Amino acid sequence: MSEILTPDICVVGAGSAGLTVAAAAAAFGVSVVLVEKDRMGGDCLNTGCVPSKALIAAARHVQMIGEAERFGVMAGKPEVDFAAVLAHVQEVIAAIEPNDSAERFTGLGVAVLRGSARFKDKRTIVVGPTEIRARRFVIATGSRPATPPIPNLETVPYLTNETVFDLPRRPAHLVVIGGGPIGLELAQAFRRLGSEVTVLEAARILSKDDPELVALLLENLRSEGVDIREGAKVARVARRGRAGVRVTLTEGEASRYVDGTHVLLATGRRPDIEDLRLAEAEIDFDDNGIKVDQRFRTRNRNIYAIGDVSGGPQFTHWSAYQAGLVVRSILFRFGGRAKPELLPWVTFTDPELAHVGLTEEEARRRYGSVVVLRWPFSENDRAQTERTTRGLVKILATRHGRILGVDILCRNAGELLAPFALAISAGLTVKSLATAVFPYPTLAEAARRAAITFYSPKLSSPWVRRAIHFLRRLG
Ligand SMILES: Cc1cc2nc3c(=O)[nH]c(=O)nc-3n(C[C@H](O)[C@H](O)[C@H](O)COP(=O)(O)OP(=O)(O)OC[C@H]3O[C@@H](n4cnc5c(N)ncnc54)[C@H](O)[C@@H]3O)c2cc1C
């Protein structure tokens with residue numbers, strides 16, 4: 001016999017978005033049912049952010065040992081035990097897992113249901129023998145790796161983010177299809193861990209980021225031996241020998257090929273909606289995801305969709321931000337709209353590439369003329385001591401100095417970005433940066449030095465010239 005549950009909120013999907021809604025709503029004493037068909041924690045914990053950053057951390061150790069000689073430290077050639085690296089990745093997942101576990105959420109007062117959810121009608125979700133009739137539903141079912149329409153793809157054993165962290169052995173030659181953040185982060189990590197790596201990107205790598213900083217990063221990745229080919233369209237793939245893959249590229253009339261041992265697809269994501277039977281609930285969707293208004297409501301006003309499944313930017317922190325807005329909207333009716341200009345993102349290569357606010361192109365489109373302030377890390381004392389001088393801080397501001405956007409390329413740029421996320425959200429000006437006192441020597445000082453350059457044109461003003469003239473006359 002079927003059981004019927006009638007919570008205030010039913011959340012489908014226990015990834016970053018769904019867990020945030022469930023925890024926040026339960027904290028307000030609201031009854032919540034959370035449905036998860038696979039692993040608690042979703043993509044971020046199990047197959048996304050956490051394993052990729054743990055792999056990157058291992059790869060960075062290899063790099064630092066390699067660089068140690070420049071500091072007078074003779075560490076020898078690093079040896080990589082690939083199985084131990086992947087064990088480290090799993091240990092990190094296990095360390096974070098309890099935060100996202102069913103036990104923790106049950107303890108918070110959330111009823112956790114394991115199974116695949118599907119709509120029965122506009123007001124009911126079915127999970128196995130259980131029916132859930134909630135006041136509000138929040139769909140947070142995330143995304144899965146997209147498989148591009150490459151002829152023959154189904155005949156070769158390709159990897160995705162769902163399988164790459166379980167490899168039994170280090171790939172001898174990894175061919176990464178897709179030069180976005182995921183593809184490049186993994187490409188550099190595998191290269192540092194000892195694989196030969198080729199990245200094939202049909203257009204330009206990191207097309208959403210600042211081209212000047214991307215060019216510097218590209219140079220850096222290539223200098224480490226990552227073979228990155230832009231404008232490289234894949235025509236087909238085929239097995240080669242017993243354990244190889246041949247990836248053939250289209251280049252006008254001629255074609256070239258890359259022979260590798262493994263292929264990793266990093267060609268974007270598709271919404272995970274197949275199981276949901278959205279039409280039963282009168283919810284609109286397309287290939288990008290569930291269609292929502294600015295407050296994340298679907299066409300069915302009692303049902304919200306957030307996170308990767310709602311088709312916007314795909315980041316854990318963006319999912320959590322949307323979750324906060326939706327909880328406020330459901331509980332207090334003042335959720336507000338998402339503000340895309342607040343969204344920061346980081347590509348966790350080394351150096352990292354971090355961005356918040358408007359891009360230069362967006363800023364010029366919206367404001368006409370903008371001021372671009374730069375400070376290179378070659379002019380930063382801490383970067384010199386650490387010997388990580390590649391990269392720069394770039395700040396975009398209005399003529400009156402309001403900070404519109406920031407791009408940073410340097411080691412740990414993601415950490416330097418946080419105050420800028422605050423500056424943009426609070427509408428601060430470059431003056432507040434320029435007049436603040438920053439500790440010496442830190443990489444963060446580069447941000448203040450960039451802000452100070454806002455005033456350099458003013459040194460040619462008649463008032464400043466008169467003051468200098470006056471001082472000189474005083475001797
Ligand atoms: C390799 C990689 C690295 C990344 N690195 C970063 C990073 O460094 N920083 C960052 O901000 N973002 C990163 N991301 C993106 C980030 O992982 C996602 O944006 C985030 O996980 C999306 O969260 P979500 O809750 O929308 O979906 P998910 O985390 O995918 O959760 C959705 C959950 O819903 C469940 N589900 C699906 N259908 C059903 C159903 N019918 N019934 C019940 N349950 C269902 C799924 O099993 C899943 O657990 C990365 C992604 C990848 C792939």
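Leu206 is found in the loop between β11 (196–201) and α7, where helices (H or I, at least four residues) and strands (E, at least two) are DSSP runs numbered from the N terminus. Although Leu206 is not a glycine, its phi is positive, at about 40 degrees, and with a relative accessible area of 3% Leu206 is buried; buried stands for under 20% relative accessible area, exposed for over 50%, and partly exposed for the range in between (1.4 Å probe, protein chains only). The model is a predicted one, in which local features need pLDDT of at least 70 and side-chain atom pairs count only at pLDDT 80 or more, while totals for chains, interfaces and linings use all residues. Residues are numbered from 1 along each chain as its sequence is written, and side-chain values use heavy atoms, with hydrogens and water left out.

A positive phi is also found at Arg387, which is not a glycine either and has a value of about 55 degrees. Arg387 is placed in the loop between α10 (381–386) and β24, and at 39% relative accessibility it counts as partly exposed.

Turning to the charged side chains, a search of the whole structure finds 28 salt bridges, each being a side-chain nitrogen of Lys or Arg within 4 Å of a carboxyl oxygen of Asp or Glu. In one of them, Asp8 pairs with Arg135, the closest N and O atoms being 3.0 Å apart. This pair links distant parts of the chain, 127 residues apart, with Asp8 in the loop between β1 (3–5) and β2 (9–12) and Arg135 in the loop between β7 (130–132) and β8 (136–139). Asp8 is partly exposed at 24% relative accessibility, and Arg135 is exposed, with a relative accessible area of 59%.

Another salt bridge joins the side chains of Arg411 and Glu67 at 3.7 Å, N to O. Here too distant parts of the chain are linked, 344 residues apart, since Arg411 lies in the loop between β25 (403–410) and α11 (413–425) and Glu67 in helix α3 (residues 49–67). Both Arg411 and Glu67 are buried.

Lys394 forms a salt bridge with Glu360, with 3.1 Å between the closest N and O atoms, and this pair links strand β24 (residues 392–397) to helix α9 (residues 360–367) across 34 residues. Lys394 is buried, with a relative accessible area of 3%. Both residues belong to a network of salt bridges that links Asp210, Glu212, Glu360, Arg364, Arg374 and Lys394.

What empty space is left? Rolling a probe the size of a water molecule over the atoms shows where it is. The second largest pocket has a volume of about 350 Å³. On a 1 Å grid over the protein atoms alone, a pocket is an open set of points with protein on both sides within 12 Å along at least five of seven lines, a cavity is a set of points where a 1.4 Å probe fits but cannot get out, and lining residues have an atom within 4 Å of a point. Grid points are joined across faces, edges and corners, and a volume is the space filled by probe spheres set on the points. The lining of this pocket has 16 residues, of which Glu67, Asn220, Arg387, Thr388 and Arg390 lie nearest its centre, and the elements that give two or more residues to the lining are α3 and α7 (211–223). By class, two nonpolar, six polar and eight charged residues line the second largest pocket; Ala, Val, Leu, Ile, Met, Phe, Trp, Tyr, Cys and Pro count as nonpolar, Asp, Glu, Lys and Arg as charged, and the others, Gly among them, as polar.

The search of the whole structure also finds two cavities of 30 Å³ or more. The largest cavity, with a volume of about 50 Å³, is lined by Val393, Ile408, Leu416, Pro419, Phe420, Phe438, Leu443, Ala444 and Ala447, which divide into nine nonpolar, no polar and no charged residues. The second largest cavity has a volume of about 40 Å³, and its lining, which includes Glu185, Arg192 and Asp350, has four nonpolar, one polar and three charged residues. The largest share of that lining, four residues, comes from α6.

Phe28 lies in the loop between α1 (16–27) and β3 (32–36) and counts as exposed at 53% relative accessibility.
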